[in-house]
Structures are given as structure tokens and as C-alpha cells.
Amino acid sequence: KLDTVNLGTDARLDASRWTNGGTPYSTRSFIKFDLSSIPSTAVVCSAVLTFFTNADNNPSGFSKPNTSWLKRVQSSWSQSTITWKNQPRSYNETDKISFGPITTSLNTSYTIDVSSHAQSMINSPSTNFGWVFMLQDTVSTYAGLGIASSNSSTSTIRPKLSVTYVPSLTVTPTSTTICSGHSTTLTASGATSYSWTPSTGLSAT
């Protein structure tokens, strides 16, 4: 049965609505990035998801638009075992992102701003279950979206998530009042290195 087939090694990620022997069926795909190297207190400046079409997304026979949703998944899944039958069914509907329709041809890049999603995933690492993308119209047949997966033999067209962030800094003085000739200690956290600016005219040890 198709609903128990795992396609975790496939070079293509699909969101489609088609027929098999006259019976309509749907496909959707899941994707996740490891963000554990980013501190959970980091402030995301921007996060952009880039993917590449791995087929003509407006081929003969596809009569419906492939406008899709990108939704944050709310439960765990495994690339090596996920199937249509055991896929997560719970998604975050409040911040889902609409994208498309996409009618571009093979190996064309497409970007999605996922800054708010990435911020949530970084702040709460235990809730980072990645994304699912699916067609918005799950009733009409003959629509499809295909992008290259992380298994693509061409590394340059694999999905990419680019995150720009700054650390969240905390500076705490031992005393908020300093009299002339006295000193206080500042304790800083949230970064790996610190420097005084300007470098001259300041006294620090």
C-alpha cells in the first residue's frame, strides 16, 4: 500500500494531488533543520528557507494551481520511518505561511521568510519538529509541487536555511552607584567574547 511506503531517501519532496487508478490521493512532505548550534537565547534577525524546484512545476496535466502551506509540525517524526499512515497530524495553524503558486522550471530557486518560525524553534529547541508543506487545495486533483530534497545528487540545489542572529546579552553590575575613585564589577553573559568601546579613555580590568 502506498500509505505505508517510506520515501525518506527520495531525491524529491512533493506536495501533490493526483489519481492512482482513478482514485484521488494526496502527498505532502516534511523537512527539518538542526538548529542546536544556535543559543536558545539568540535573537533572530532573519531566517530564509531556500529550495530549488527539481521538476517543471507547471507540466502538462497539472490543471490546478500549486499554492501551498508551510506549517510548523508539533510532534516528532523520523525521516527513515515516516509514511502517510504514521505522519504527524498536528500542525501550528496560527502562523502558517502561504507560498506559491510556483510555475518555474527545473532547478529554479524559491525563498520563504521563516524568521518568526525560526525564532520559536531556537527559543524552544524541544519543539523544533520542522515543517510540513502541503497544497492548500486538497480536494481538486491534478496539482503538484516538487522540490529537491537533501538526498539530491546535486548538493547546490538541496534545501537551505540561512539564519542571521545576534546573542542576547546580559550585563549585571555589583552596584548601580559608583562614587569617584571607586569601582564596580560588571558580569556579562550571552556571548563568547567581549570588548570595551571606545578602546581608549576607559578603565577596565
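Residues are numbered from 1 along each chain as its sequence is written. In this predicted model local features need pLDDT of at least 70 and side-chain atom pairs pLDDT 80 or more, while totals for chains, interfaces and linings use all residues; side-chain values use heavy atoms, with hydrogens and water left out.

Student: Is Leu7 buried or exposed?
Tutor: Leu7 sits in the segment before β1 (12-20); strands are DSSP runs of E, at least two residues, numbered from the N terminus. Buried means under 20% relative accessible area, exposed over 50%, partly exposed in between (1.4 Å probe, protein chains only). Leu7 has 59% relative accessibility, so Leu7 is exposed.

Student: How many cavities of 30 Å³ or more does a search of the whole structure find?
Tutor: A cavity is a set of points on a 1 Å grid over the protein atoms alone where a 1.4 Å probe fits but cannot get out. A volume is the space filled by probe spheres set on the points. The search finds two.

Student: Which residues line the largest cavity?
Tutor: Lining residues have an atom within 4 Å of a point. This cavity holds about 50 Å³. The lining has eight nonpolar, no polar and no charged residues. They are Leu13, Ile31, Leu49, Phe51, Leu70, Ile112, Phe133 and Ile147.

Student: Which strands each supply at least two residues of the lining of the second largest cavity?
Tutor: The second largest cavity has about 40 Å³ of space. Its lining includes Ser16, Thr27 and Leu135. The strands are β1, β2 (23-27) and β8 (131-135).

Key. Helix = DSSP H or I, 4+ residues; strand = E, 2+ residues; numbered from the N terminus. 1 Å grid on protein atoms, 1.4 Å probe; cavity = no way out; pocket = protein on both sides within 12 Å on 5 of 7 lines; lining within 4 Å. Nonpolar A, V, L, I, M, F, W, Y, C, P; charged D, E, K, R; others polar.
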